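Hi,

Here is the structure we talked about. My notes follow it.

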Amino acid sequence: MSDKIKNDGRSELDPVQVRRSFEQAASAYDQAAVLQREVANRLLERLDYIRFRPARILDLGAGTGFCQQSLAHRYPGAEIHALDIALAMLLQARKKISWLRRLKQRDHFMNADVNALPYANSSMDMIVSNLTLQWCSDLRVVFSECQRVLKPGGMLLFTNFGPNTLKELRHCWSEIDDYSHVNQFSDMHDVGDTLLQSGFSDPVVDMEMITVTYKNVRNVMQDLKQIGAHNVTRGRHRGLTGKGHLQRLEQAYEAYRQQDRLPVSYEVIYGLAWRHDNSPGKNNQPAEIYISTDMIKK
Ligand SMILES: C[S@@+](CC[C@H](N)C(=O)[O-])C[C@H]1O[C@@H](n2cnc3c(N)ncnc32)[C@H](O)[C@@H]1O
C-alpha cells in the first residue's frame, strides 16, 4: 500500500500554513486579486436590495480591505471592524483609511482567528466575509461564532468557494500523483444546511461559475501564489514541486486550452442569513428586501 496521503476529499487545512501564506502574500495581494475584487463587488451589490442600516459591521478575513473600503462608502456612519489572521494584511488595509474616518475613529483592526471571535455577544449588526471561509476547516465553528456575535435581527453576508473551484488544476494533478494539491471546498447545499444548524434564519444560498483565463500554467500558479492561495491541506507534498512535475502539469493542462487560453474555474457561493430576533414585537421577518424590474433577467 502507498504511504502517500490520498486526495480523498477529507484533507484538513493547516492553520499555521494558512496564516503564513497570507502574511507573505500581503504586499502583492492587490495586484493579483482581480477575481477577489470582482466577487467582493458582486457580493456587496446585493446590499442595494436590502433596507438595512448597520451601525457596527464586522469584516471577517478583511485582507487588504476591499470590502472595508466599499462598506465605508456605502454606510459612512458605520463603525467597521476588520478582522484577519494575517497582521500584514491588516497593515495594508489600514493604509487605505481616509483621514476623515481616521479622525472619527470609525475603523478598527483585529488580528485574530475567525474561529474564536474576540467580540462580545450580540455586538455587531452585520458580518461580511468575502472569500475567507474556504480557509476554515469547520464552517460550523465559524457560523456559531457569527451567530453569537451578531445582534438579534443581524445579518451575515458572505462568499465562499464551492467544490468546482480549480477543477481543471485538481484533475491535472490527479493524473500526476496522489498528493492533495488543491484545497477541498464545501458544497452550496452543505453551506446552507450548516447555516440552519448554526441557528441562522432565512438563509439564501446561491452560486455562479466564473472562469478566468490565462496564457499558461505558470501564470496560473504565480497568481495563486501571489494571493496567498497555496495548497495548505495537511495531505500536501511537503517538499518543493519538482521541475518534472510542473512540466507534466503543463502538458496535462493543455487538454483544456481553448482559443489559445487556459481556463481556471471558480465556483463562487453567495450566502445571506439572519440571526433570529425573539424580542417581543418582532415578527422575525428579515429586513425588507426589494426587487426592482432591472434585476429580473430577460
Ligand atoms: C482570499 S483573502 C480575502 C481577503 C478579502 N476578504 C478580500 O476580499 O480581498 C482571505 C483572507 O482570509 C484571511 N484568513 C484566512 N483564514 C483566516 C482565519 N482563520 N481567521 C481570520 N482570517 C483568516 C487571510 O489572511 C486572508 O486575508
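**Helix packing**

Helix 3 (34-45) and helix 4 (66-74) pack with their axes 10 Å apart, at an angle of about 35°. Axes here are lines fitted to C-alpha atoms, for helices over the stretch in contact, and angles run from 0 to 180 degrees between N-to-C directions. The crossing of helix 3 and helix 4 is right-handed: the near helix is turned clockwise from the far one by less than a right angle. Q36, R37, A40 and L44 in helix 3 meet F66, C67 and S70 in helix 4. Contact means C-beta atoms, placed from the backbone, within 7 Å. By class, this contact has four nonpolar, two polar and one charged residues. Ala, Val, Leu, Ile, Met, Phe, Trp, Tyr, Cys and Pro count as nonpolar, Asp, Glu, Lys and Arg as charged, and the others, Gly among them, as polar.

Two notes on the source. This is a predicted model: local features need pLDDT of at least 70, side-chain atom pairs count only at pLDDT 80 or more, and totals for chains, interfaces and linings use all residues. Residues are numbered from 1 along each chain as its sequence is written. Helices (H or I, at least four residues) and strands (E, at least two) are DSSP runs, numbered from the N terminus.

**Ligand shell**

The ligand is surrounded by 23 residues; the closest are F22, G61, G63, I85 and N130. By class, the shell has 15 nonpolar, six polar and two charged residues.

**Helix 7**

In helix 7 (residues 139-149), L139, V142, F143, C146 and V149 are buried. Buried means 20 or more other C-beta atoms within 10 Å of the residue's own, exposed 12 or fewer, partly exposed in between; C-beta atoms are placed from the backbone. These five cover an arc of only 130° around the axis, which puts them on the same side of helix 7. The arc is that of the directions from the helix axis to the C-beta atoms. The buried residues pack against strand 1 (56-60), strand 4 (124-129), strand 5 (150-161), helix 9 (188-197) and strand 6 (200-214).

**Positive phi**

Most residues other than glycine have a negative phi. Q105 has a positive phi of about 55°. Q105 is in the loop between helix 6 (99-104) and strand 3 (107-111). Q105 counts as exposed, with 8 C-beta neighbours inside 10 Å. L166 has a positive phi near 60°.

Best wishes

How values were computed. Two residues are in contact if their C-beta atoms, placed from the backbone, lie within 7 Å. A residue is near a molecule or strand if its C-beta atom, placed from the backbone, lies within 6 Å of it.
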